[in-house]
Amino acid sequence: MSDSQKLSAGEVIERVFAVIQSRRTADPEQSYVAKLFQRGMPKIAQKVGEEAVEVAIASVSGTKEEVIGESADVLFHLMVMWAAQGIAPEDVTDELARREGVSGIVEKKSRNW
Ligand SMILES: N=c1c2ncn([C@@H]3O[C@H](COP(=O)(O)OP(=O)(O)OP(=O)(O)O)[C@@H](O)[C@H]3O)c2ncn1[C@@H]1O[C@H](COP(=O)(O)O)[C@@H](O)[C@H]1O
């Protein structure tokens, strides 16, 4: 893909999320995502946790390439979790947009969760 065809971060997330959604009815023998859906939320949650730990470790002792790879793993598994929870990427980006310009220190004080 040339630079002029390069997709934005949001476009890539939308496309991969659409594929994840389409795997709901796929064969778990042929699709890793379908296999995760079949195994259910406990397995998906376990994968998100494992990948989060792996990226944390890579950020301290790994290379930049390893941090990028582990970041993609955690983001991908998080997206599978969103799909399983009925959450769209837009729900999360809307929340980030809502927080934009609000200091993390001020925002935390206003949380009711
Ligand atoms: N982005 C990804 C992606 N990133 C990581 N992975 C897979 O995540 C798995 C992680 O490996 P692990 O060893 O941690 O996990 P595991 O061995 O399967 O699980 P356990 O040992 O924990 O049971 C590997 O099989 C990776 O290939 C991904 N699998 C799929 N995608 C995207 O999802 C789309 C649909 O994938 P399928 O459903 O497999 O067609 C693909 O076209 C991609 O766009």
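Two residues are in contact if their C-beta atoms, placed from the backbone, lie within 7 Å. The legends below use the word in that sense and refer to a predicted model.

**Figure 1. Overview of the predicted chain.** The secondary structure consists of six helices and zero strands, so the order of elements from the N terminus reads α-α-α-α-α-α. Along its principal axes, the C-alpha trace spans about 50 × 35 × 35 Å. The chain has 113 residues, and 9% of them count as buried. Among contacts with a separation of 6 or more, 45% are between residues 24 or more positions apart. The average pLDDT of the chain is 94, and 96% of the residues score at least 70. For the model as a whole, ipTM is 0.92 and pTM is 0.91. Where pLDDT is low, the predicted coordinates should not be read in detail.

**Figure 2. The largest nonpolar core.** Eight residues form this core: I20, V33, L36, F37, I44, M79, V80 and A83. Two elements, α2 (32–39) and α4 (64–85), each give two or more residues to it. One member of the core, F37, is in contact with R23, R24 and A84 once its neighbours within four places in sequence are left aside.

**Figure 3. The shell around the ligand.** The residues surrounding the ligand are V16, V19, R23, S31, Y32, V33, A34, K47, D73 and F76. Helices α1 (9–22), α2 and α4 each supply two or more residues of this shell. The largest share comes from α2, which gives three residues. Sorted by class, the shell holds six nonpolar residues, one polar residue and three charged residues. V33 belongs to this shell and is also listed in the largest nonpolar core.

**Figure 4. A34 in helix α2.** A34 is one of the residues around the ligand, and it sits in helix α2. Setting aside residues up to four places away in sequence, A34 touches R23, A26, D27 and P28. Of these, R23 is also in the shell around the ligand. A34 and I20 are 14 residues apart in sequence, and the distance between their C-alpha atoms is 8.3 Å.

**Figure 5. R39 in helix α2.** R39 is another residue of helix α2. N112 lies 73 residues away from R39 along the chain, and 32 Å separates the C-alpha atoms of the two.

**Figure 6. Helix α1.** This helix has 14 residues. From its first C-alpha to its last, α1 reaches 20 Å, close to the 20 Å expected at 1.5 Å a residue. The number of buried residues in α1 is one, so the helix lies largely in the open. Even so, α1 is among the elements that give two or more residues to the shell around the ligand.

**Figure 7. Helix α5 and the residue G101.** Helix α5 covers residues 89–99, 11 residues in all. The number of them that are buried is zero, so this helix too lies largely in the open. Just after α5 comes G101, which takes a positive phi of about 80 degrees.

Key. Residues numbered from 1 in each chain as written. Predicted model: local features only at pLDDT ≥ 70, side-chain atom pairs only at ≥ 80, totals over all residues. Core = buried A, V, L, I, M, F, W, Y, C linked by C-beta atoms within 7 Å. Buried ≥ 20, exposed ≤ 12 C-beta atoms within 10 Å, placed from the backbone. Helix = DSSP H or I, 4+ residues; strand = E, 2+ residues; numbered from the N terminus. Near = placed C-beta within 6 Å. Nonpolar A, V, L, I, M, F, W, Y, C, P; charged D, E, K, R; others polar. Expected span 1.5 Å × (residues − 1). pLDDT = per-residue confidence, 0-100.
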